[in-house]
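Please examine the structure below together with the report that follows.

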Amino acid sequence: MSWSPASGRRELEVALRRIGGAEDHEIDLAEAALLLAALDRPQVPLDRYRHHLSLLRRDTAQEGARAGADSDLGARVESLNRVIFGRYGYTGDEDTYESLDNADLMRVIDRRCGLPVTLGIVYLQTALSQGWEASGLAFPGHFLLRLELGAQRAIVDPFHGGRSLEPTEMRELLKTLAGQEAELAPRHYARVDRRAVLLRLQNNIKMRLLRDHRPEDALARVEAMLLFAPRDAGSWREAGLLHSHLGNLRAGILALENFLEVAGAGHPYRPEAASLLRELHLRMN
């Protein structure tokens, strides 16, 4: 069979479904983000992007060996920063922050700039490729990550050159994002799994599409999220709401039924979803 963008997209969807069935620790964050970006351009080969990520991995290994990163967390952070922000020139996009390009890993690699979460994916995957312990944090509004080595901890801001943040700086950032009454709490240091990082990336795109009054495109993004996170209740709810809004009644019913199946008994949106489900059934009749 000859290659076509449609067949290329099908292959991407199959690959994302495989990620949906994988254990969280098996997920290659950067590869998954590339697959998601390629859904919009299935005709573009991913080889050169994968090669670039392999260069980040190689160069960080070399920097880390020179800096003694095996036993020093500061050397790990410095090695990552020298390679990602120094040698390859990545930076946070302050000027066109809301651009969709900033949430597309292919475009981010092309342009060497992006959102905190896309830069965080590059940073995290490069760190993980060295066998170093690293994870994203459940910090609201601005993606941060943590590197660990034994009892050592470093909170890193990938949007601002990989700078390490002290608690006072995290508190100031939280107040800037969430209001002066917000206070730093243990939940803001909580680790999030890799699938949650990918969901955060895709939610950035979805929110920008909804802001631009593009519900069909937002729905496509939510359905892409369900490929790699088929048990994510929030995505099933979003799919149900968007299908309902667009008049796709059968698809809306299916999505809301899936939401009710995967959501816990105490989920705050269960009553709303059940009510909308009854309404859609009535409209079908």
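## Pairing of the strands

Strand S5 (residues 152–157) pairs with S6 in the antiparallel sense, over 3 bridges. Strands here are DSSP runs (E, at least two residues) and helices are DSSP runs (H or I, at least four residues), both numbered from the N terminus; two strands count as paired if DSSP finds at least two bridges between them. The model is a predicted one, in which local features need pLDDT of at least 70 and side-chain atom pairs count only at pLDDT 80 or more, while totals for chains, interfaces and linings use all residues. Residues are numbered from 1 along each chain as its sequence is written, and side-chain values use heavy atoms, with hydrogens and water left out.

The hairpin formed by S4 and S5 has 2 residues between the strands, and Gly150 in its turn has a positive phi of about 60°.

## The sheet and helix H4

These strands belong to an open sheet of 5 strands, ordered S6-S5-S4-S3-S7 with antiparallel pairing. Its edge strands are S6 (163–165) and S7 (191–192), each of which pairs on one side only. Helix H4 packs on the sheet and touches S3 (133–137), S4 (145–149), S5 and S6; contact means heavy atoms within 4.5 Å. The direction of H4 makes about 135° with that of S4.

Two packed helices are described by the angle between their axes and the distance between the axes. Axes are lines fitted to C-alpha atoms, for helices over the stretch in contact, and angles run from 0 to 180 degrees between N-to-C directions. Helix H4 (residues 73–87) packs with helix H6 (residues 116–129) at an angle of about 125°, their axes being 11 Å apart. H4 is therefore oblique to H6; angles under 35 degrees count as roughly parallel, over 145 as roughly antiparallel, 65 to 115 as roughly perpendicular and the rest as oblique. Val77, Leu80, Asn81, Ile84 and Phe85 of H4 make the contact with Val122, Tyr123, Thr126 and Ala127 of H6. By class, this contact has 7 nonpolar, 2 polar and no charged residues; Ala, Val, Leu, Ile, Met, Phe, Trp, Tyr, Cys and Pro count as nonpolar, Asp, Glu, Lys and Arg as charged, and the others, Gly among them, as polar.

The axes of H3 and H4 come within 9 Å and cross at roughly 140°, which makes H3 oblique to H4. This crossing is also right-handed. Residues of H3 in the contact include Leu56, Asp59 and Glu63, and those of H4 include Leu80, Arg82 and Arg87. The contact of H3 with H4 has 6 nonpolar, 3 polar and 5 charged residues.

## Packing of H10 with H12

Helix H10 (residues 233–245) and helix H12 (residues 270–284) have axes that come within 11 Å and cross at roughly 35°. H10 passes H12 in a left-handed crossing. Arg237, Leu241 and Ser244 of H10 meet Glu272, Leu276, Leu280 and Arg283 of H12. The classes in this contact are 3 nonpolar, 1 polar and 3 charged residues.

## Salt bridges

Side chains of opposite charge can pair when their charged atoms come close. The whole structure holds 29 salt bridges, a salt bridge being a side-chain nitrogen of Lys or Arg within 4 Å of a carboxyl oxygen of Asp or Glu. One of them joins Arg50 and Glu31, whose closest N and O atoms are 2.7 Å apart. Arg50 lies in helix H3 (residues 47–67) and Glu31 in helix H2 (residues 29–38), so the pair ties together parts that are 19 residues apart in sequence.

Terms used. Left-handed = near helix turned anticlockwise from the far one by under 90°.
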